[in-house]
Amino acid sequence: MPRVKRTVTVLSAATAMLLTAPNAYAEVEPGGWTSTSPSFTVQERGCGQVDNLTFTLTCSTASGDQRAERRYATYTGGTRQFEGYFRIASMGGTRISLKQTFNESAAGPFFMLAGERGGRLYAVHGGATLSNAGTVGATVRVNTVHQVGSEHRTYINGSLKHSYASPGGSFYDKFGAYRTNSGSGPATVVWSGVKFWRK
């Protein structure tokens, strides 16, 4: 085999291996992470519908419990990292929660990332703008790193956008499409590449 052709073949094989190799470590805050696969339950309330990783609110109702989510297993300590990619496929309404870190000990959301029509992504509690990357059709990467009893950090597309002091207690992750108190559907959100780590 001619040298140039053999070199191209080797590079192609190496590239294929890199593209197919499992990513055992998170890309934000690397070091010492262990991949985990927590169990989850599907939550459909009101006009919420879940089809695998597609989460839809079919109505424009601005009251009541309208949700389509995955609720993951409770954790009580250590540091947890979530990674996922979402794409808002349609947004007829506004102010739809996309990802939550729920404080089970306090019986309420601890951190809630929501999207407005037009693409603004914000922290529901406090209202801080995290990014304007959440436009319809755009794929957005979200990482949350939660040090229980210390701090909760949120990354959008790999950049740190929000930090929040955290109490101790029991927490769990949720994602999908959920009507906030000031929001309404309809909306369809498609998630992909969801991963979890701990240390």
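# Loops, strands and ring pairs in a predicted model

Q: Where is Ser170?
A: The loop between strand 13 (159-165) and strand 14 holds Ser170. Keep in mind that this is a predicted model.

Q: Is Ser170 buried or exposed?
A: Ser170 has a relative accessible area of 18%, so Ser170 counts as buried. The cut-off for buried is under 20%.

Q: What does Ser170 touch?
A: Leaving out residues up to four places away in sequence, Ser170 touches Thr74, Tyr75, Thr76, Phe102, Asn103, Glu104 and Ser105.

Q: Another loop residue now. Where does Ala133 lie?
A: Ala133 is in the loop between strand 10 (129-131) and strand 11.

Q: And why is Ala133 called partly exposed?
A: Because its relative accessible area is 24%. Partly exposed covers the range between the buried cut-off, under 20%, and the exposed one, over 50%.

Q: How far is the C-alpha atom of Ala133 from that of Ile156?
A: The two C-alpha atoms are separated by 8.5 Å, and the residues are 23 residues apart along the chain.

Q: Change of topic. How many disulfides are there?
A: The count is one disulfide. Cys47 and Cys59 form that disulfide, with their sulfur atoms 2.2 Å apart.

Q: Is the link of Cys47 and Cys59 left-handed or right-handed?
A: Left-handed, with -65° about the S-S bond.

Q: Which parts of the chain does the pair link?
A: Cys47 is in the loop between strand 2 (40-45) and strand 3 (48-51), and Cys59 is in the loop between strand 4 (54-57) and strand 5. The two cysteines are 12 residues apart.

Q: Are Cys47 and Cys59 buried or exposed?
A: Both Cys47 and Cys59 are buried.

Q: What does the side chain of Gln66 reach?
A: The backbone nitrogen of Cys47, at 2.8 Å. Gln66 is in the loop between strand 4 and strand 5. With a relative accessible area of 9%, Gln66 is buried.

Q: Which residues does Gln66 touch?
A: Not counting residues up to four places away in sequence, Gln66 touches Arg45, Gly46, Cys47, Leu57, Cys59, Thr61, Ala177, Tyr178 and Arg179. Both disulfide partners, Cys47 and Cys59, are among them.

Q: How do strand 3 and strand 4 pair?
A: In the antiparallel sense, over four bridges. Asp51 stands opposite Thr54 in strand 4.

Q: What sits between the strands in that hairpin?
A: The hairpin of strand 3 and strand 4 has two residues between the strands, and Asn52 takes a positive phi near 60° there.

Q: What about strand 6? How many bridges join strand 6 to strand 11?
A: Strand 6 (residues 79-91) and strand 11 (residues 139-147) are antiparallel and joined by nine bridges. Gln81 has Val145 as its bridge partner in strand 11.

Q: And strand 15?
A: Strand 6 also pairs with strand 15 (residues 187-198) in the antiparallel sense, over 10 bridges. Here Glu83 has Lys195 as its bridge partner.

Q: Rings next. How many aromatic pairs does the structure hold?
A: There are 13 aromatic pairs. One of them is Tyr72 and Phe175, a stacked pair at 5.7 Å centre to centre, with 25° between the planes. Tyr72 is in strand 5 (residues 67-72) and Phe175 in strand 14 (residues 171-184), 103 residues apart. Both Tyr72 and Phe175 are buried.

Q: Which residues form the aromatic cluster?
A: Phe40, Phe55, Tyr72, Phe82, Phe86, Phe175, Trp191 and Phe196 form one cluster.

Q: What sits over the ring of Phe40?
A: The charged end of Arg70, 3.9 Å from the ring centre. Elsewhere, Lys199 lies over the face of Trp33, at 4.6 Å from the ring centre.

Conventions: Residues are numbered from 1 along each chain as its sequence is written. This is a predicted model: local features need pLDDT of at least 70, side-chain atom pairs count only at pLDDT 80 or more; totals for chains, interfaces and linings use all residues. Side-chain values use heavy atoms; hydrogens and water are left out. Two strands pair if DSSP finds at least two bridges between them. Rings of Phe, Tyr and Trp (its six-membered ring) pair if their centres lie within 6.5 Å; planes under 30 degrees apart count as stacked, over 60 as edge-to-face and the rest as tilted. Buried means under 20% relative accessible area, exposed over 50%, partly exposed in between (1.4 Å probe, protein chains only). A charge sits over a ring if NZ of Lys or CZ of Arg is within 6 Å of the ring centre and within 35 degrees of the ring normal. Contact means heavy atoms within 4.5 Å. A disulfide is a pair of cysteine sulfur atoms within 2.5 Å. A polar contact is a pair of N or O atoms within 3.5 Å; within protein, one must be able to donate a hydrogen and the other to accept it, and residues adjacent in sequence count only if both atoms are side-chain atoms.
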